[in-house]
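I opened my notebook to work through a protein model step by step. Here is what I looked up, in the order I looked.

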Amino acid sequence: MQRIKTLFTRLAAAVYDGMILVALWIFATLLLMPFTHGAINPPLPWNLPFDLYILFVSFLYLGGLWHKTGQTLGMRAWRWKVVNENGGRINLGQAAVRMFAGVLSWLLLGAGWLWMLFDRDELTLHDRLSKTRMVRLPKGNGQD
């Protein structure tokens with residue numbers, strides 16, 4: 001039961017951060033509009049420069065905060081912190097692997113998240129691949 005509660009709170013933090021990311025993507029797109037005369041995507045299913053720009057914006061938020069403080073706003077709200085295997089601050093390389101592995105976890109229909117229900121250390125696929133782990137901070141730590 002504890003593993004399910006842990007999974008739920010981690011997913012809740014991810015949903016919170018997902019909403020923030022959508023807002024950042026909208027703002028980042030609006031910043032481009034004056035330079036593109038309102039056209040962002042050509043008549044193709046993708047636009048590589050724009051997609052890379054959105055990935056960069058995502059990494060600034062996720063990777064930057066993971067590296068600097070170990071917490072995004074969603075993680076802060078749910079009292080989670082990402083650390084390296086030694087309990088210290090993660091580096092930008094680990095943050096990049098974590099972000100892309102997190103996308104993979106979602107693309108596998110959530111299987112990368114469900115992984116933690118069976119993992120002996122309660123790590124998700126993106127935790128394992130990035131050599132990071134999440135720690136729960138105690139209440140009253142200035143986090144609530």
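**Entry 1: the core**

I started with the largest nonpolar core, which has 14 residues. Leu 62, Trp 66, Met 75 and Val 82 have the most contacts inside this core. A reminder to myself: this is a predicted model.

At least two residues each come from α1, α2, β1 (80-84) and α4. The top giver is α2, with four residues.

I then picked Met 75 and listed its contacts, skipping neighbours within four places in sequence. On one side of the numbering I found Ala 13, Asp 17, Trp 66 and Gly 70.

**Entry 2: the whole chain**

Time to step back. I counted six helices and two strands in the protein chain. Reading from the N terminus, I wrote down the order as α-α-α-β-α-α-α-β.

For the overall extent, I noted that the C-alpha atoms fill a box of roughly 50 × 35 × 25 Å along the principal axes. The chain has 144 residues, and 38% of them count as buried.

I also looked at how far apart in sequence the contacting residues are. Taking contacts between residues at least 6 apart, I got 65% that join residues at least 24 apart.

**Entry 3: the largest pocket**

How much space lies in the largest pocket? I wrote down about 530 Å³. There are 23 lining residues, and the closest to the centre are Ala 14, Leu 21, Leu 62, Trp 66 and Trp 106. Leu 62 and Trp 66 were already on my page from the core.

Which helices supply the lining of the largest pocket? I found at least two residues each from α1 (2-36), α2 (48-68) and α4 (92-107). The largest share is that of α1, with eight residues.

By class, I sorted the lining of the largest pocket into 15 nonpolar, five polar and three charged residues.

**Entry 4: the second largest pocket**

This one has a volume of about 200 Å³. It is lined by 15 residues, and the closest to its centre are Thr 6, Trp 80, Glu 122, Met 134 and Arg 136.

I counted eight charged residues in the lining of the second largest pocket, along with five nonpolar and two polar.

**Entry 5: Arg 98**

Arg 98 is found in helix α4. Is Arg 98 buried or exposed? Its relative accessible area is 5%, so I put it down as buried, given that the cut-off for buried is under 20%.

What do the side-chain atoms of Arg 98 pair with? I found a polar contact of 2.7 Å to the side chain of Asp 127. Another polar contact, of 2.8 Å, joins Arg 98 to the side chain of Thr 132.

Leaving out neighbours within four places in sequence, I listed the contacts of Arg 98 as Arg 10, Trp 66, Val 82, His 126, Asp 127, Ser 130, Thr 132 and Met 134. I looked at Ser 130 again: Arg 98 and Ser 130 are 32 residues apart along the chain, yet their C-alpha atoms are separated by 5.0 Å.

Conventions:
Residues numbered from 1 in each chain as written. Predicted model: local features only at pLDDT ≥ 70, side-chain atom pairs only at ≥ 80, totals over all residues. Heavy atoms only, no water. 1 Å grid on protein atoms, 1.4 Å probe; cavity = no way out; pocket = protein on both sides within 12 Å on 5 of 7 lines; lining within 4 Å. Points joined across faces, edges and corners; volume = space filled by probe spheres on them. Nonpolar A, V, L, I, M, F, W, Y, C, P; charged D, E, K, R; others polar. Core = buried A, V, L, I, M, F, W, Y, C linked by side-chain atoms within 4.5 Å. Buried < 20%, exposed > 50% of the residue type's maximum accessible area, 1.4 Å probe, protein only. Contact = heavy atoms within 4.5 Å. Polar contact = N/O pair within 3.5 Å; in protein donor to acceptor, adjacent residues only side chain to side chain.
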